[in-house]
Amino acid sequence: MEFIIDGESCLILIRISIIFLGICLISLLKRKNTPIEKNNNQLKKIRVLNGVWRNEEKLHRLRCTVKNYDWGKIGENTEVCRLYKENSREFVDPNKPYAELWMGTHDSGSSYVVRNDRIVINGNFNHGYGVKCEGFEGETLKNWIENHPYVLGEKVLEKWGCDLPFLFKVLSVAKPLSIQAHPCKELAKKLHLKYPNVYKDANHKPEMALAVTKFEILCGFVGIEDLQKTLDNVPEISQLVGSAVVNRVANITPKDGEEKVKAALRQLFTQIMSAGDHVIAEVLSRLISRLRKKENLTPEENLVLRLEEQYPGDVGVLAAFLMNFVTLNPGEALCLGANELHAYVSGECIECMATSDNVVRAGLTQKQRDVKTLCDMLTYKQGRPEVLRGFNVEGTDGCTKRYRPPFEEFEVDHCDLSEGRTITFPSVAGPSLFLVTKGTGTIRSGFSVETVRFGDVLFAPANTKLTISSDTRLELYRAGVNSKFL
């Protein structure tokens with residue numbers, strides 16, 4: 001049998017074939033990819049064969065945000081101000097307080113990706129350092145990551161979506177921050193839902209402070225023996241809370257369980273923090289008058305006098321007697337978990353935390369206080385906190401120390417290279433932010449080479465192997481996802 005296909009039949013068959021191919025294509029596009037599948041597809045798209053440079057290894061320069069909170073250090077000689085000035089190439093007001101430099105994706109202070117084609121100097125394109133961003137129109141880092149999710153790596157993308165799970169900061173503290181705590185995830189969700197203008201996200205905020213200078217912190221509650229001594233040695237507090245509370249604390253013995261101790265501490269702290277302003281003013285008047293007449297003051301008593309000068313009549317001055325007063329030396333770090341009481345007192349530090357800005361305050365502040373929420377949420381954990389001193393990162397010739405907290409969102413590395421040194425920085429399976437705090441040098445990633453200097457902030461995609469070389473002594477910090485998670 002012989003089949004003859006004329007021109008009209010052939011045209012019909014072609015049309016049917018096109019329609020069939022279109023239906024298949026639409027079906028493929030409608031198939032829902034998982035975050036990992038999308039990530040892998042993105043990776044396949046940007047890998048180039050035959051030795052051509054791979055885009056996923058490129059470092060990206062960031063322009064970062066500064067916060068001028070009133071507790072920040074004044075003027076250009078502070079770490080935050082100097083770093084911000086170099087990073088932004090903008091004018092800084094020497095009379096303003098410069099409190100925090102933010103590096104990350106949080107909406108309250110997002111970083112921006114600097115486009116090379118916008119960086120000009122004297123009208124000419126320039127890809128080196130020391131340039132001014134004229135008419136800067138950078139894309140927010142958060143938006144850029146959403147458009148390039150592969151830079152996060154599979155595990156980070158799967159767990160946290162298209163966002164950095166950590167927020168990186170530098171702090172210059174002239175006077176104490178508020179007596180505060182950060183809510184756990186469950187409480188953060190409730191607070192954000194109820195008070196979205198105050199608690200602006202639904203995430204928890206565990207954090208770590210790494211001292212750059214001598215750094216003073218109030219954190220957690222003193223042990224029961226020290227608490228009992230405080231009530232003996234500070235009669236003003238005993239008079240404020242009354243004999244029933246004092247006796248309850250005084251009668252605690254080592255045989256008593258943890259819950260009984262915490263219940264007594266909670267009652268004591270809540271009663272102090274809930275006292276009326278006029279009552280606190282009278283108590284502090286008597287306390288300060290007595291301490292000024294005393295010859296040999298303890299470190300805690302000296303601190304209380306300092307706090308009262310900065311925050312006269314504030315209940316947070318009394319709270320300091322119940323808390324551990326810790327001084328970190330440069331290179332030492334302290335971790336603060338959810339629902340743990342603390343207040344930074346003075347100094348400069350590198351700080352890293354989960355991506356959140358939720359703070360519940362109750363003292364040493366002019367901002368909104370929520371005493372009931374704070375007193376209800378605290379862990380009432382007692383005893384001196386553990387100080388981290390870091391451990392050497394393998395393969396960096398002893399030039400890099402890693403500070404790894406018990407939180408999966410972040411860790412911090414400190415790299416200190418003498419002049420003329422070169423090290424290979426191992427790749428990690430998550431994204432990193434690099435901050436240069438001293439000197440000049442170069443960072444090579446794949447076929448990309450970046451000249452870096454003081455004030456530079458760079459984003460490194462996941463799985464990027466780096467070679468760092470110093471022209472002068474070069475010091476930098478890296479924030480990234482906790483490598484134990486990866």
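The model is predicted, so local features need pLDDT of at least 70 and side-chain atom pairs count only at pLDDT 80 or more, while totals for chains, interfaces and linings use all residues. Residues are numbered from 1 along each chain as its sequence is written, and side-chain values use heavy atoms, with hydrogens and water left out.

The protein chain has 14 helices and 29 strands; these are DSSP runs numbered from the N terminus, with helices being H or I of at least four residues and strands being E of at least two. Of its 486 residues, 51% count as buried, where buried means under 20% relative accessible area, exposed over 50% and partly exposed in between, with a 1.4 Å probe and protein chains only. Among contacts (heavy atoms within 4.5 Å) between residues at least 6 apart in sequence, 76% join residues at least 24 apart.

Two strands pair if DSSP finds at least two bridges between them.

Axes are lines fitted to C-alpha atoms, for helices over the stretch in contact, and angles run from 0 to 180 degrees between N-to-C directions. Glu79 belongs to α3 and, at 11% relative accessibility, counts as buried. Leaving aside residues up to four places away in sequence, Glu79 touches Val170, Ser172, Glu348, Thr437 and Phe454.

Strand β17 (residues 342-354) is largely enclosed by the rest of the structure, because 13 of its 13 residues are buried. Its antiparallel pairing with β11 (residues 166-173) extends over eight bridges, with Phe168 opposite Cys352 in β17. Strand β13 (residues 207-211) also pairs with β17 in the antiparallel sense, over five bridges, and Leu210 has Ile350 as its bridge partner in β17. Four bridges connect β14 (residues 215-221) to β17, again antiparallel, and Cys219 stands opposite His342 in β17.

Turning to the helices, two packed helices are described by the angle between their axes and the distance between the axes. Helix α7 (residues 224-233) packs with α9 at an angle of about 145 degrees, their axes 9 Å apart. The crossing of α7 and α9 is left-handed, meaning that the near helix is turned anticlockwise from the far one by less than a right angle (clockwise would be right-handed). In this contact, Ile224, Leu227, Gln228 and Leu231 of α7 meet Val246, Val249 and Ala250 of α9.

On α9 (residues 243-250) there is a further packing partner, α10 (residues 258-273): the two axes come within 9 Å and cross at roughly 150 degrees. Helices α9 and α10 are therefore roughly antiparallel, a label for angles over 145 degrees, with under 35 counted as roughly parallel, 65 to 115 as roughly perpendicular and the rest as oblique. Val245, Arg248 and Val249 of α9 make the contact with Ala263, Ala264, Gln267, Leu268 and Gln271 of α10.
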